Amino acid sequence: DTSNQKGVSDIVIADGFSTNPVNPSNNGSTGGVLFLSGAAGNLPTPLRLFTSMSQASDFDGKDRLNDLAIIEQTTGAVFLLNNISNTTSPTVSVVSIKDLFTNSEFIPTSVTTFVDPITGLNNLAITAVSNRPDGGDGLLIIAINDGSGSFNKPTQFRQFVATSGATNLRSGDFRNTGRASDLVYTDYLNNLVAVAVNDGRNFFLAPKSRQSGGFSPVSMAIADVNDDDHMDVMVLNSIAAGIIPKTSSISVLLGQGDGQLIPSGSLLQVPGVALSITGGLGIIDNSFIPQIIDFNLDGFPDFAVNSTGGGQPVLGSTTVPLVSLLVSRPDTPGQFIVQPPVSLFDETVAPDGKNVTGAVLALDSTLGGAGLISSRGLTNSPLGAGFGGANQTLAVGDFNSDGSPDLVATGSIRTMQNFDGSNSLTPVNYRASSYLVDNNGTSVLRVSRPMRIREYTNDGAGTSNLAANGGDTFVACATGNFAPFSNAVLDVVHLSINGSLFIDGNITSVLAHAPILDIKRSDLNAPFPGGGRKVILTSGQQHTLHVTSFKFESDSKISFSLVPTSLGIPPPSFVKLINKQDSTDIVIDTRVNGLGVNQSNQPMVFPMAVQGSIAFSGPGGRFLIAGYSYFTLVVKPKTAPTIAPIANVNIETGKSQTINLHAMDKDGSAITLTKKCDKDSYVSLSGTTLTIAPTQADT
C-alpha cells in the first residue's frame, strides 16, 4: 500500500519481452512494469511522466543548438541532454529537484536557459511547485554553467522563492541590458505573470507579479510588440471549466523597461482550449540570429496559438484542433488581428502504412493528447496526470529557408482498435505531428501533408503494431540542430509523455537560403529607449542608414531595393539606396531644393522596408528569395525659429549698447540671424550680439 491507505492494496504487473513466432511485427509484447494504484481504483499510473522541456540551447559552447533540459514530474527530475543527434547518443545528466534548505521534495514544472551577465554562458533556470497537500510557495532554482555545459556541483545552484503555481519559465531582456538575463513565468494556480530581474550577479530576489488578465495562463511569448524598445509579454490564458462556447484569450502585457508589466487593455480571443503560443522573437534558422517572427511582412512581431478543439468536425471526429495566427496591425503596433484558424487534420495520410483513412492531430485531454498535462492537468482524474506542461506543443522555424516562418504542431492521433480479437474497440493514441508552411508573408498557413505518424514508430508499421507503438503522445517540441545534414536548416525534436525523443531531421533540398538583413537600433535616431525602430527628421534634414546582411552561400549576390510594406505604401522618392558589397546605405534627403518635403503642419509617416534578394535557377526557371529589414520614417514639418522679446532701448548719441539675442529652434536646426533696419549705419549684428551706436550724424 504505497498510498498509506489502510486496506487498499496496489498491484504491480511485470511482463517479459516476447514476440509472436507467426507474425513478429503484429503481436507480442515490448515488456515492462505496470503499476496499478489502489488509491486510484487500480488504474495504471505512469512510472515516468514527462511534461515539458527547454528550447534548444548551447550548454557546452560548441555553437550548435542541440542541448536540451527536460522535465519529468513523477520522480521530480530535470534531465540535461548535451549534443542530441540522430546519429550518436547524447551526454545525459540528472538534476533532482529539492528544497536546498529543507531537502523537501518539489515537482519541477518548467525549465529554460538565460544568459549569464558575467560570463555570457547559458545558465539554467527551473520552476518547481510543492508536492505538499497544503501547497505552499514554489521555487525558482538557478544552475550556473561551469563552462563545459555541466551543472553537477552543489555550489552551482541558487534558490529563490516563486509563487505556488509557477511554470512556463522564459528568459528575456526586460531592462535593455543587451542580454536575455531576466526571467518571466506564469502561475497557472493564481493567474499571475511574474518578472524576476537579474541583478547582474545571477540573483533574482524580488519578482514583480501581476494578474495575467485571464483564467489559468498556460503559455507565453516575448517580443517588443508596440515598438517602444521594451520587451512585452503575450500571455495565453486557457478557459474556466464549463464555459460555452469554448474560447481562450491572449492578454498583451506591455513592458516598462524596469521589469514592470502593464496590461494594454485588449484581450484577443481564439477558439477552443488553447495550449501553446509561439512567435514574437526567436531563432528560426542556422544563422542563430534572433529574428522577429513576421507572418505578414510588416516588420512587427506576430504569434501563433494552437487549441485542442474548435474546428469543424471532420473524418468522424468532433474534436478538431486549430492553429490561429495573431498578426500585428501594421498601422497600430501592439494591436493584433486574429486570422481565421487552420484545422490540424490530413485526409491523405495512411496511419497504418497501408490504408488511407486520414487523421486528426489529437491535443485534447479527453483524447489522450497533450492537454493531459496542461495547466492544472486532469485534477478530477484518478490517473493523476501532470500539470503546468504542454506549453511548447507549437514551435516556429524557417524549415524551407525561404525567409518566411513555418510552424510545427506536435501531439498524437487517436484510433479505435481491437486488443484481444473480440468485437470491442478501445481508443489508442499514437505519436504524431503536423507541419504548416507560411505562404511567403501572406499570413495564410498551408498544412504540409502527409501528417507524420509512422515516422515515430519503432518499425515503421504505424498503427498496425499496437503493442510496440501505441499508448503515447507528444507533449513538447523544439527546433535546433539535431541532424548532421549540410543544408543549414533547422531540425525538430519531439518529447513524448513517456520520455521518448524523436528527431525530425530536416532533409529539405535547399538551392539557396534567404539572406538576413539588419539595421542596427543604434543607427536609428529615435530616442532610446522609448522611440522604437524609427528615423525622426525635420523637413530639410538628411540621414543615412547602413544595412548589413548575412548570407549562407558566400558566392551568392544580394540585390537590394526599397519595397512597399504590407500596407501597400510605396517608399518616398526622396529616399535612395547606395548599394555596396553585401550591404547598402539608405540615404534620406528631405531638403528638396531647400523647401523641405513636408510643408504641412502634420508629421509625415512612412513605413519603410528594404529587401535583399537572391536569384537562383531551379526547376521551372529562375526564382527569387528575399530577406527584409524594416523601420518607420517620420518627417516633421519645419517650424519657424523664435527670438526672445527685446525690450525698448533709449540711447543717447555718442553712446552704444549691446543686446544678447536668444534665438531658439524647436527642431534643433542651426539658426542664422540677420538684421534689417532703416538706420543701418548705427545698428550692427555679429553672431547673436546686436549693437546700437548712434552718432550725431544719425539724428
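**Labels and their cut-offs**

Author: D665 and K638 form a salt bridge, with their closest N and O atoms 3.5 Å apart. The model is predicted: local features need pLDDT of at least 70, side-chain atom pairs count only at pLDDT 80 or more, and totals for chains, interfaces and linings use all residues. Residues are numbered from 1 along each chain as its sequence is written, and side-chain values use heavy atoms, with hydrogens and water left out.

Reader: Why is the pair D665 and K638 called a salt bridge?

Author: The rule asks for a side-chain nitrogen of Lys or Arg within 4 Å of a carboxyl oxygen of Asp or Glu. The closest N and O atoms of D665 and K638 are 3.5 Å apart, so the pair meets the rule.

Reader: What makes D665 buried or exposed?

Author: Buried means under 20% relative accessible area, exposed over 50%, and partly exposed in between (1.4 Å probe, protein chains only). D665 has 14%, so it counts as buried. K638 has 41%, so K638 counts as partly exposed.

Reader: Which salt bridge does D504 form?

Author: D504 pairs with R452, the closest N and O atoms being 3.1 Å apart. D504 lies in strand 35 (residues 501-504) and R452 in strand 32 (residues 445-452), so the pair ties together parts 52 residues apart in sequence. Strands here are DSSP runs (E, at least two residues), numbered from the N terminus. D504 is buried at 5%. R452 is partly exposed at 26%.

Reader: How many salt bridges does the structure hold?

Author: It holds 15. One of the pairs is D589 with R591, at 2.8 Å from N to O. D346, E347 and R449 are linked in a network.

Reader: What makes strands 16 and 19 edge strands?

Author: The open sheet has four strands in the order 16-17-18-19, with antiparallel pairing. Strand 16 (217-223) and strand 19 (261-271) each have a single partner strand, so one side of each is left without a neighbour in the sheet.

Technical notes
Two strands pair if DSSP finds at least two bridges between them.
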